[in-house]
Amino acid sequence: LASRRAGEVLNRLHVAQPKPRDKISRPAVIPHSVAVNKAKKASGELKIVTEKMLQEENGGAGVYNADLRKNYLLDNDDWKYDIMPEIYNGKNVADFIDPEIDERLAELEREEEELEARFQEDKAAAEMEMEPDLDDEEKELLGQVRARRAKLVSDHRRKKSVANNVPTMRRDRTSDPERRLTTTRMKESLGAMGIDTTLAVARARSASAVREGRKRSRSLAGNGGDEDVDAMDADGEEKPRVHSSKSRSVSVARRTSKSKGAGLRDESEKMRAQKLADKAQRKMNKRAKTGEADRVIITKMPKHLFSGKRGNGKTDRR
């Protein structure tokens, strides 16, 4: 404030002075017990005993056991250390504890399940009675539709209860028994549509028997044991084996619907296209990229290898 701008600063400051609104005195209110304890503490009469002090007085850590009941808030402080009575008001407390409570609970749960199942049956029967014009087949179809709808509703509620984040196991036709394709299920589904499944079931079973009985063997032509199918054409003449540029297995080539370079003119064009693809892949392999979308930038100078002074015995790693 001793500078030339002291006046500008003082003009911006305002010191508020409280003014009494009336002549009533309003001193600070301190409870009597607090004032007494404060006075005792000042005179040295009041000494606060902490749990740490009690621990040191009673054997130290590991020996002292803290009293957890002394702070219980009960109607009568004499009840803090009471033991659970065996006889209360002239009656044995153990007489009121049922030893077969688990069995009774299980029986009650079974009864509830039976009542719920009976309620569902009555509800279904009532729904069927509401539509008297349906025949037995239509009633069965209606029951299947309602069961399917109930299953969808239950699945939706289960997913919604966990914010659609429930862990589920992968369900496909091989691991899920409900979706597995079997001849019995095929016969039932096609039979429900009125289709004769005799020939279809016989064909599926014969194919399964042939698949189970066939053994893998190496052929002289190297066609993986299927030279009768792949190496012979319709006239019985043997075809020369065509190798791919990547030496792919015949089984993989057989599974693919179109081979690489199917739209090119001749073998020379296919070979040229394969060489260009290999050349484009070479840089990616050299940089250890996982694919075209790999944009990772590795640390060229790791901090733990290029910082600090090098002492004796550290020159082999830096």
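What percentage of the 318 residues of the protein chain count as buried? Of these 318 residues, 4% count as buried, where buried means under 20% relative accessible area, exposed means over 50%, and partly exposed lies in between (1.4 Å probe, protein chains only).

The model is predicted, so that local features need pLDDT of at least 70 and side-chain atom pairs count only at pLDDT 80 or more, while totals for chains, interfaces and linings use all residues. Residues are numbered from 1 along each chain as its sequence is written, and side-chain values use heavy atoms, with hydrogens and water left out.

**View 1. Secondary structure of the protein chain.** The protein chain comprises ten helices and two strands. Helices (H or I, at least four residues) and strands (E, at least two) are DSSP runs, numbered from the N terminus. Read from the N terminus on, the order of elements is α-α-α-β-β-α-α-α-α-α-α-α.

**View 2. The nonpolar surface patch at Val9, Leu10 and Leu13.** Val9, Leu10 and Leu13 make a nonpolar surface patch of about 270 Å². Patches are made of residues with over 30% relative accessible area and no salt bridge; like charges are joined within 9 Å, and nonpolar side chains (Val, Leu, Ile, Met, Phe, Trp, Tyr) within 5 Å. Accessible areas come from the Shrake-Rupley method with a 1.4 Å probe, and for residues only the protein chains shown count as cover. Valine 9 is placed in helix α1 (residues 6-12). Valine 9 counts as partly exposed because its relative accessibility is 37%.

View 3. Glu107, Glu109, Glu111, Glu112, Glu113, Glu114 and Glu116 form a negative surface patch. In this assignment Asp and Glu count as negative and Lys and Arg as positive, whereas His and the chain ends are not counted. The place of a charge is taken as NZ of Lys, CZ of Arg, CG of Asp or CD of Glu.

**View 4. The salt bridge between arginine 104 and aspartate 98.** The structure holds seven salt bridges, each defined as a side-chain nitrogen of Lys or Arg within 4 Å of a carboxyl oxygen of Asp or Glu. In one of them, the side chains of arginine 104 and aspartate 98 meet at 2.7 Å, N to O. Arginine 104 is exposed, at a relative accessible area of 51%, while aspartate 98 is partly exposed, at 32%.

View 5. The side chains of glutamate 269 and arginine 265 form a salt bridge of 3.1 Å, N to O. Glutamate 269 counts as partly exposed at 25% relative accessibility, whereas arginine 265 is exposed with a relative accessible area of 68%. Glutamate 267 forms a salt bridge with lysine 270, and the closest N and O atoms of this pair are 3.9 Å apart. Glutamate 267 and lysine 270 are three residues apart in helix α10, so about one helical turn separates them. Glutamate 267 is exposed, with a relative accessible area of 51%; lysine 270 counts as partly exposed at 26% relative accessibility.

**View 6. Helix α10 and alanine 288.** Helix α10 (residues 267-286) has 20 residues and reaches 28 Å from its first C-alpha to its last, close to the 28 Å expected at 1.5 Å a residue. The expected span of a helix is 1.5 Å times one less than its number of residues. Alanine 288 lies in the segment after α10, and its phi is near 60°, a positive value in a residue other than glycine. Most residues other than glycine have a negative phi. Alanine 288 is exposed, with a relative accessible area of 62%.

**View 7. Helix α2 and glycine 44.** The twelve residues of helix α2 (residues 32-43) should span 16 Å at 1.5 Å a residue, and the end C-alpha atoms are 17 Å apart, which agrees. Glycine 44 follows α2 and has a positive phi, near 90°.

**View 8. Asparagine 89 between the two strands.** Asparagine 89 lies in the loop between β1 (87-88) and β2 (91-92). The phi of asparagine 89 is positive, near 55°. Asparagine 89 is exposed, with a relative accessible area of 64%.
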